[in-house]
Amino acid sequence: MNNLRIGVPSKGRLAELAEELLNQAGLNFRRQDRSLFARVRDMPIDVTFLRPDDMPLLCAEGAIDLGVTGSDLVGESGVELVERLRLGVGKCRLAICVPEESDFHQPSELGGCRIATSFPRITEQYLRSHGVDVHLVPITGSVEVMIALGVAEAIVDLVETGSTLAANRLRILDEIGRYETVLVQNPDRRHPELADRVVRRLEGVVIARSYSLLEYNIPRSKLAEAEIITPGFNSPTVNPLEDPAWCAIRVMVRRGDVISVMERLEVLGASAILETQITNCRL
Ligand code: PRP
């Protein structure tokens, strides 16, 4: 009972992402069948498998110390939690959507309409800030078909790739917020040292996933310009080469920028440009 308790989503996409991340951070556990608990190997930590939408409230109530869930669900729950880490996965937008061919151009035109959503709290706050009075239809799923069913004139739903909207011939009228998977903590911060250790471990993996290690050789005369292209996390490592006119650089680069950075370095005169993927780090 005195172990640190971490809540992990019990099913769905988020469950796989969370389990993979924790394992990669050296928090190894095995879920047996449909069991709701698992013990982390060699650490005084218990994992509890919970529905992501219950996670914020259960964390606020102290049933778990740390929890992996969506920041959208934290916002919707209205409870006070400490957001310790953005996990870099599950990125999505919450948007107010209307039929493609409808005449709505801005949210203020929705006064008196029915809006279906599984995010009534966030939706209400957003509409209130726009001074719009609507009839909310709170539902827990299949929001995208509610207009076709005649239950609403608009919906507020999560958009990731936009395929669900396209399939239902809907378009975004306005974006309400951007969200992603986060690690939250109960404000009492029990087991502070162990909790911080878990956060640092996860942070190492999250940063490693979003950066690559780039190595290249560059004429010393171009070093200053190269450092502008690749400033690094703190600063790049510069090593001498046998040829005194050249040096070798090692530097962290955002994974999404690697290709364009390589192209710019090549134009500058760099050679032997290599990308290495890192799986973990401490910076
Ligand atoms: C979410 C959301 C949309 C869909 C958007 O549903 O409610 O239906 O994803 O993603 P897209 O823009 O990539 O199509 P999810 O699959 O999480 O299941 P849910 O309906 O049970 O919430």
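Start your tour by selecting Thr181, which counts as buried because its relative accessibility is 3%. You are looking at a predicted model, so keep that in mind at each stop.

**Stop 1: around Thr181**

Thr181 lies in strand 11. Now show what surrounds this residue. Setting aside neighbours within four places in sequence, Thr181 is in contact with Leu14, Val68, Thr69, Gly70, Leu85, Arg86, Leu87, Gly88, Val89 and Gly90.

**Stop 2: colour the domains**

Next, give each domain a colour. The domain assignment puts residues 4-89 together with 180-190 in domain 1, residues 92-179 in domain 2, and residues 211-277 in domain 3. Notice that domain 1 is listed as two stretches of the chain, 4-89 and 180-190. The centres of domain 1 and domain 2, taken over C-alpha atoms, are 28 Å apart. Nine residues from domain 1 and eight residues from domain 2 take part in the contact.

**Stop 3**

Between domain 1 and domain 2, three residue pairs are in polar contact. Now highlight helix 3, residues 71-77: this helix gives the most to the side of domain 1 that touches domain 2, with six residues. Sorted by class, that side of domain 1 has one nonpolar, four polar and four charged residues.

**Stop 4: the salt bridge across the interface**

How many salt bridges are found across the interface of domain 1 and domain 2? There is one. Select Arg13 and Glu160, and show their side chains: they meet in a salt bridge, 2.6 Å from N to O. Glu160 sits in the loop between strand 9 (154-159) and helix 5 (163-167), while Arg13 is in helix 1 (residues 13-24), so the pair ties together parts that are 147 residues apart in sequence. Glu160 counts as partly exposed because its relative accessibility is 47%, whereas Arg13 is exposed, with a relative accessible area of 63%.

**Stop 5: further salt bridges**

Select Asp65 and Arg190, whose side chains meet in a salt bridge at 2.7 Å, N to O. Asp65 lies in the loop between helix 2 (55-60) and strand 4 (66-70), and Arg190 in the loop between strand 11 and helix 6, so this pair ties together parts that are 125 residues apart in sequence. Is Asp65 buried or exposed? At 3% relative accessibility, Asp65 counts as buried, while Arg190 is partly exposed at 37%.

Move on to Glu100 and Arg169, which form a salt bridge between their side chains at 3.4 Å, N to O. Glu100 lies in the loop between strand 6 (92-99) and strand 7 (114-117), and Arg169 in the loop between helix 5 and strand 10 (170-179), so the pair ties together parts 69 residues apart in sequence. Glu100 is partly exposed, with a relative accessible area of 34%; Arg169 counts as exposed at 52% relative accessibility.

Then select Glu83, Arg86 and Glu180 together, because salt bridges that share partners join these three into one network. 

**Stop 6: Arg189**

Now find Arg189 in the loop between strand 11 (181-185) and helix 6 (192-210). Arg189 counts as partly exposed, at 37% relative accessibility. Leaving out residues up to four places away in sequence, Arg189 touches Val82 and Arg84. Draw a distance from Arg189 to Val82: their C-alpha atoms are separated by 8.8 Å, although the two residues are 107 residues apart along the chain.

**Stop 7: Gly131**

For the last stop, select Gly131, in the loop between helix 4 (120-129) and strand 8 (135-138). Is Gly131 buried or exposed? At 69% relative accessibility, Gly131 counts as exposed. Finish by drawing a distance from Gly131 to Val199: these residues are 68 residues apart along the chain, and 40 Å separates their C-alpha atoms.

Note on methods: Residues numbered from 1 in each chain as written. Predicted model: local features only at pLDDT ≥ 70, side-chain atom pairs only at ≥ 80, totals over all residues. Heavy atoms only, no water. Domains from an automatic or database assignment. Contact = heavy atoms within 4.5 Å. Salt bridge = Lys/Arg side-chain N within 4 Å of Asp/Glu carboxyl O. Polar contact = N/O pair within 3.5 Å; in protein donor to acceptor, adjacent residues only side chain to side chain. Helix = DSSP H or I, 4+ residues; strand = E, 2+ residues; numbered from the N terminus. Nonpolar A, V, L, I, M, F, W, Y, C, P; charged D, E, K, R; others polar. Buried < 20%, exposed > 50% of the residue type's maximum accessible area, 1.4 Å probe, protein only.
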